[in-house]
Structure formats: C-alpha cells, structure tokens
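Biologist: Could you take me through the model that follows, with the cut-offs behind each term?

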Amino acid sequence: MADTQTSFLAPFSVSNLTEQTRVMFPGVAVSVLVAVTAKFLSEHYATPAMLMALLLGIAVAFLSEDEKAAPGIAFSARTVLRVGVAFLGARISVDLLVGLGAPLIALVIGGVLATIAFGLAIGRLFGHRWRFSLLTAGSVAICGASAAMALGAILPRDERSEERLIFTVVGVTVLSTLAMILYPILAKTMDMNTTEAGVFIGGTIHDVAQVVGAGFSISVETGDTATLVKLIRVAMLAPVVLVASIAIRSMAEANPGQKRPPLLPFFVLAFLILAGLNSAHLIPGFLAEFLSQASRWLLLIAIAAVGMKTNLKQVLGVGMAAIALIVVETLFIGAFILIGIRLIT
C-alpha cells in the first residue's frame, strides 16, 4: 500500500498519471458513492452527513480488502482528507473577528487551548496515552470530525490509529447532535441574550453543521453569532496542528528509530495560504464558496473511506473509559465558555 501511495507522488508523466488513475479509480469511486449516498440520507432524514458516511463506510468495510478497491480507498482516506482540510482555509478571514470584541474572541480561543490542555492532563486518568487524548481533546475543542481527521493525519501511526480516529469521529458527532438539541433549551432556560447564546453555542458545539442548526433554531442573530464564533474555532485548527507537528517531530528526534513527520504538513501550509488570501480579499466570493463546498465533500468522501478501512469490533473495544473521556472534555468546554460569558457580559 505504501508503494502505491509513494508512486502516486512520482514525477509527472502522462503514462504514470494514466496508470495511477486506473489503479485509484475503483476505490475512489466507491468512496464517492458512499459519500453521495450519505449526503442524500442526511438531507432526507435529518441526520449528520459525516456520521452517515462513516456508518455506511463501515457497512461495506469488506471492500477495503479487495485488491482492486484498496489503493483508492487508502488514497481517499489520507490524501483526499488532507486536501479537504486544506480547503477549509478558504472559509477563514480576519474580517470575521470584527464586531465580536476582544474579550469574547479571547474567551473562544482560551476555550480551545484550555480544553486541549485539560484533555492531555486527564487522559491518563482514563487509561489513555497522549495520542488519544490529543485526538479527542482537539476534536472537541476545534471542529469535531474535521479536526479529528486533521490531527489523525499527523499523529504517529500504529495498529490502532484507525480505531481511535473512527471512535473519536463517532463520539464527537453523536455528542454534537445531542448538544444541538439540548443547548438551545439551556440558553433559553438561562435567559441568555442573542449574543450570549450565539457565543455559547458556537463556542461549545463540536461540528459546524450542528452549530448552525442550534443557533438558527433560536434566532437569525444568534445563528449568525454562533457561526462566526465557530469559524474562529475552525481557524485554530492550523496553529494547533502546527504546534502538534513540531512537538511530535521533537519527540521523534529524541527517538532515532522513529520516523520524523514534516515540520509543516502541506495541508496546514495550504490552509494558512488560503486563509491569508481570503483575509486579503484576493479570493473571489464565488471561488471561496466553491472551495468551502469542495472541502465538505472531500471530507465526506474521506470519512467514508476511513469507515471502509475500519474493523467495527475493534472500534467498539475502545471501551467505556474512552466514552467518558470525550464526555468529560465536552462538559469542560461547555462549563468554560458558560462561566466566561457570565464574567464578561
């Protein structure tokens, strides 16, 4: 498999491109088909598309063992994933920060950093090492399944990497869906105004789609604020992945036998470049929207492929301690943002 992926990056030639397309096509086509099916079901049955793609992928996991489909599925699970994360940068702009105010911006950024630190600190109490703690805490703190896949792409790989990633994606997606239902009720019960409710929902719910659903279920103003706050958290993806990459590289240098990751993964660099161009208004609106939509589809295709590479029994064997860790991290960021709102407003 590694040889297939390496040869895909070989010097360009028409014959090489044709051969690689032939090798990759069956697996990529299957991943796209699962993603399209998941999108159709999510729109007709009001379920998260990411979760549907993951479950459908798991249902046809036998395809990853087929020698014709396996290379394309592996390509979709890694390279397509990274391109999808890179395209997220087109959604980020410095203009997003204008109008929210420095204290609330600091609260949102502080919530991301504090949740990651908290997850790393308590992970061992739940019997997990730093890899799983960073994966879960980062996905809870930043943007759910997208952050989980971005962090999973830079973490040192072992035989349980796919299991941890799948478990995290399922966990944060389910919790995000529950929060979409419960948090608007909590915001109304606590008599929050539109800004407070928007900051609370955008600063705590994991996935962008659920943030939008919860915010606009209260009011248009709350939905706009919640989406803005959520995109600030999404913007934290690149610096968090960069710092994590540097830390992992340092640990690899301390262990000569361990392969060192690149200092700045290409998808993080692309994310930063697109965010910079968008902030400078150098990306036309239609192109930014196209890249944003492309990012959603690429991530959907990637998570379908990840599902196809998964052994469900092994994922379920991660255990109750892993569930408890994600729940505690979710409660932590909720409490942090809620207390911050009360102190600031």
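Biologist: At what angle do helix α3 and α14 pack?

Modeller: This is a predicted model, in which local features need pLDDT of at least 70 and side-chain atom pairs count only at pLDDT 80 or more, while totals for chains, interfaces and linings use all residues. Residues are numbered from 1 along each chain as its sequence is written, and side-chain values use heavy atoms, without hydrogens and water. Helices are DSSP runs (H or I, at least four residues) numbered from the N terminus, and axes are lines fitted to C-alpha atoms over the stretch in contact, with angles from 0 to 180 degrees between N-to-C directions. The axes of α3 (residues 49-59) and α14 lie 6 Å apart, and the angle is about 35°.

Biologist: Which residues of α14 does α3 meet?

Modeller: Contact means heavy atoms within 4.5 Å. From α3, Ala-49, Met-50, Ala-53, Leu-54, Gly-57 and Ile-58 take part, and their partners in α14 are Leu-299, Leu-300, Ile-303, Ala-304, Gly-307 and Met-308.

Biologist: How many helices does the protein chain have?

Modeller: Buried residues make up 50% of its 345 residues. The secondary structure includes zero strands, and the helices come to 16.

Definitions and conventions
Helix = DSSP H or I, 4+ residues; strand = E, 2+ residues; numbered from the N terminus. Buried < 20%, exposed > 50% of the residue type's maximum accessible area, 1.4 Å probe, protein only.
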